[in-house]
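Work through these exercises with the structure in view. Try each task before reading its solution.

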Amino acid sequence: MANTEKRKPLPTIGVDKYTFFAVLTDTSEGATYGDPYNLRGTVEIAPTDAGGSDVFDADNGAYETSNYIEKLGHDITNADIPPEVDSMWRGLTQKDGVVEVGNDTKTVYFGVAWRILKSDGSYRYVRYYKGSYSFASNVGGKTKASSGAPEKQTAKATYTAVQRDFDNNYYAYFDESDLPEGVTKTELEENWFKDMNYYPVKKAL
């Protein structure tokens with residue numbers, strides 16, 4: 001049973017299990033995805049979401065407001081973006097291991113999921129249903145210092161989310177502490193990172 005008591009909000013202290021899935025189909029009938037790909041080495045995931053309110057003035061004052069959200073998605077900082085992943089995100093094909101980038105750009109859509117570690121050891125699970133990647137070239141670098149420890153250099157990418165045609169949703173998230181009755185953490189993790197359409201549903205007794 002989900003805990004309905006008021007819980008102390010906890011800070012997050014880590015992130016891992018960044019897993020993406022190619023969107024195969026997305027129609028009013030449903031959405032299907034390819035096999036999961038776990039990208040190891042996640043350093044940071046920073047949401048790019050923004051939004052605000054527009055005020056409509058009438059009768060010499062604020063008469064009505066409308067809220068909006070925009071730029072949904074996230075920036076990911078990773079230990080590296082390997083050529084295999086780079087080519088998938090760009091919609092390219094490696095030729096004997098070589099990634100060739102030209103002006104024939106493609107938009108390839110992916111779903112993505114990850115988990116965020118909280119200070120009590122529990123997790124928050126996040127997934128974006130559909131979006132595409134864009135990023136600066138990951139072939140740059142800095143010289144190694146002649147003394148001291150070498151600087152660890154990372155790669156970055158931006159994931160821009162769009163609404164899924166199937167249900168118009170952008171993303172979803174779920175706290176481990178809200179697990180419904182009969183659903184274990186093991187079951188949740190096995191399915192969250194395997195099936196983008198999975199929901200942790202309370203099991204009948």
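**Exercise 1: A residue in a strand**

S132 is part of strand β9, which spans residues 123-134. The model is a predicted one.

Task: Decide whether S132 is buried or exposed.

Solution. 
- Step 1. Take the value: S132 has 17% relative accessibility.
- Step 2. Apply the cut-off: buried means under 20%.
- Step 3. Conclude: S132 counts as buried because its relative accessibility is 17%.
- Step 4. Look at the surroundings. Beyond four places in sequence, S132 contacts T107, V108, Y109, T158, Y159 and T160.

**Exercise 2: A residue in a loop**

Task: Find where D80 lies, and work out which residues it touches beyond four places in sequence.

Solution. 
- Step 1. Locate D80: the loop between β7 (73-78) and α1 (83-90) holds this residue.
- Step 2. Classify D80. Its relative accessibility is 38%, so it counts as partly exposed.
- Step 3. List the contacts. With residues up to four places away left out, D80 touches L39 and A155.
- Step 4. Compare sequence with space. D80 and A155 are 75 residues apart in sequence, yet their C-alpha atoms are 5.0 Å apart.

**Exercise 3: A hairpin**

Task: Describe how β1 and β2 are joined.

Solution. 
- Step 1. Set the limits: β1 covers residues 12-27 and β2 covers residues 30-33.
- Step 2. β1 and β2 make a hairpin, with two residues between them.

**Exercise 4: The cores**

Task: Say which residues touch the most other members of the largest nonpolar core, and which elements each supply at least two of its residues.

Solution. 
- Step 1. Start with the members. The largest nonpolar core has 21 residues, and Y18, F20, W89, V112, W114 and Y133 touch the most other members.
- Step 2. Follow F20. Beyond four places in sequence, its contacts include L39, V85, M88, W89, V112 and Y133.
- Step 3. Turn to the second core. This separate set has 17 residues, among them F21, A31, A113 and W192.

**Exercise 5: A helix**

Task: Name the buried residues of α2 and the elements they pack against.

Solution. 
- Step 1. Helix α2 spans residues 185-192, and its buried residues are L188, E189, N191 and W192.
- Step 2. These buried residues pack against β1, β8, β9 and β11 (171-175).

Technical notes: Residues numbered from 1 in each chain as written. Predicted model: local features only at pLDDT ≥ 70, side-chain atom pairs only at ≥ 80, totals over all residues. Heavy atoms only, no water. Pairing = 2+ DSSP bridges. Helix = DSSP H or I, 4+ residues; strand = E, 2+ residues; numbered from the N terminus. Buried < 20%, exposed > 50% of the residue type's maximum accessible area, 1.4 Å probe, protein only. Contact = heavy atoms within 4.5 Å. Core = buried A, V, L, I, M, F, W, Y, C linked by side-chain atoms within 4.5 Å.
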